[in-house]
Amino acid sequence: MRDDLHVLTGSYVLDAVSEAEREEFERHLHHCPTCEAEVRGLRETAARLALACAMTAPARMEQQVLAATYRTRQLPPLPAGRSRRERRRVQAKRALPRRLAVLAAAASMAAAVALGITQLTAQHQLDQARATSIARVVTAPDAHVETARTSAGGSVTVVTSAALREAVVSTSGMASLPSSRVYQVWVMSPSGARSAGLMRGSSLLAAARPGDRIGITVEPAGGTARPTTTPVAVLPV
Amino acid sequence: MAETVAATLEHQRVRRCMDGLTGLQRESIKLAYYGGYSYPQVAKLLGVALGTVKTRIRDGLIRIRDCMQVTW
């Protein structure tokens, strides 16, 4: 019986079960710590799926999401002289960015905490400025994304804007290092490897352009002037 | 602001992880979650057994979870 119910964890968190099944499964959860733990993880996963649904939008819509979140931009007035149906359709599209923003905000709280991009530190102002720079790159119309697994576990994502000549390097799930070691990010170009800084938290801004490569190495705490170890990841910008 | 940035990076991550699923896993999850169907309805739509759908949904979500490294 337990085996049969265990396989229901996925359907349960997606709310794809009948009312009776839901109640039965919740009773089961009370005395099945394995299922309970799995449900917790899958529930978090399902919350992040909401984001994928919300953000299947063109770059222009992403700009509108940003604007809706910050309420810093007035939308242009509805075009006059269009048919009522046309205006309703335009209004529906207007409404969408707000829903996207709400969904994005709700679902991304977990993501923000998971990615470590939050403002729970004392240097709030510095974080805000840095967050603005990161936002500019990530929502740039020419933003280009590269992702790779690292040999330290986890993965690294690099979002580059050629126009801004900047890249956001973001890591997730990489092995924790002892206090004597640190992850250092490098920008590699024909003229050599330039340090882009140490990976504190899980995201970093680097000056980089197409043709460059981003490398991450493990270095002694405090960093080094040149890479001293084989990179755990290298990816093109 | 940082939340929207995280959301955009997150979106790329979810898309990539969804691509790592089998077609049946992805379709089962899409129908169940985005389509709002119950798993028996998904089974009927996809023409597969009830147990198969339950397993695909669970396996698919586990794969996405591991791909995104949710650690709970």
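In this predicted model, the meeting of helices α2(B) and α3(B) brings together L24(B), E27(B), S28(B), L31(B) and A32(B) on the α2(B) side with V42(B), L45(B) and L46(B) on the α3(B) side. Sorted by class, the residues of this contact come out as 6 nonpolar, 1 polar and 1 charged. Helix α2(B) covers residues 23–34 and helix α3(B) covers residues 39–46, and their axes come within 9 Å and cross at roughly 130°. The two helices are therefore oblique to each other, and their crossing is right-handed.

Helix α3(B) also packs against another helix of chain B, α4(B), which takes in residues 50–68. Here the axes again come within 9 Å, with a crossing of roughly 110°. That angle makes α3(B) roughly perpendicular to α4(B). On the α3(B) side the contact is made by Y39(B), P40(B), V42(B) and A43(B), while α4(B) supplies L50(B), V53(B), K54(B) and I57(B). The tally for this contact is 7 nonpolar residues, no polar ones and 1 charged. V42(B) turns up here as well as in the contact of α3(B) with α2(B).

What about α2(B) and α4(B)? These helices pack at an angle of about 95°, and their axes lie 8 Å apart. They are therefore roughly perpendicular to each other. From α2(B), the residues involved are L24(B), Q25(B), S28(B), I29(B) and A32(B). They meet a list from α4(B) made up of T52(B), R56(B), I57(B), D59(B), G60(B), L61(B), R63(B) and I64(B). By class, this contact holds 6 nonpolar, 4 polar and 3 charged residues. L24(B), S28(B) and A32(B) take part here and also in the meeting of α2(B) with α3(B). Likewise, I57(B) of α4(B) touches α2(B) and belongs to the contact with α3(B).

Over in chain A, the strands come into view. One open sheet has 4 strands in the order β1-β2-β3-β6, paired antiparallel. Strands β1 and β6 (203–207) of chain A stand at the edges with a single partner strand each, so one side of each has no neighbour in the sheet. On average, neighbouring strands of this sheet are turned by 20° against each other, with direction ignored.

Within that sheet, β1(A) (residues 144–149) and β2(A) (residues 155–161) run antiparallel and are joined by 6 bridges. Among the bridge partners, R149(A) goes with S155(A) of β2(A), and A148(A) goes with V156(A) of β2(A). The hairpin of these two strands has 5 residues between them, and in it G153(A) takes a positive phi near 80°.

A further open sheet of chain A also has 4 strands and antiparallel pairing, this time in the order β5-β4-β7-β8. Its edges are β5 (192–198) and β8 (233–236) of chain A; each has a single partner strand, so one side of each is left without a neighbour in the sheet. Neighbouring strands here are turned by 30° against each other on average, direction ignored. Strand β7(A), residues 213–220, runs antiparallel to β8(A), and 4 bridges join the pair. In one of these pairings, I214(A) has L235(A) of β8(A) as its bridge partner.

Finally, there are the charged pairs. Side chains of opposite charge can pair when their charged atoms come close. Over all chains the count comes to 6 salt bridges. One involves the side chains of R22(A) and E19(A), at 2.5 Å from N to O. These two residues sit in helix α3 (residues 19–30) of chain A, where, being 3 residues apart, they are separated by about one helical turn.

Notes:
Residues are numbered from 1 along each chain as its sequence is written. Chains are lettered from A and ligands numbered from 1 in the order in which they are written. This is a predicted model: local features need pLDDT of at least 70, side-chain atom pairs count only at pLDDT 80 or more; totals for chains, interfaces and linings use all residues. Side-chain values use heavy atoms; hydrogens and water are left out. Axes are lines fitted to C-alpha atoms, for helices over the stretch in contact, and angles run from 0 to 180 degrees between N-to-C directions. Angles under 35 degrees count as roughly parallel, over 145 as roughly antiparallel, 65 to 115 as roughly perpendicular and the rest as oblique. A crossing is left-handed if the near helix is turned anticlockwise from the far one by less than a right angle, and right-handed if clockwise. Contact means heavy atoms within 4.5 Å. Ala, Val, Leu, Ile, Met, Phe, Trp, Tyr, Cys and Pro count as nonpolar, Asp, Glu, Lys and Arg as charged, and the others, Gly among them, as polar. Two strands pair if DSSP finds at least two bridges between them. A salt bridge is a side-chain nitrogen of Lys or Arg within 4 Å of a carboxyl oxygen of Asp or Glu.
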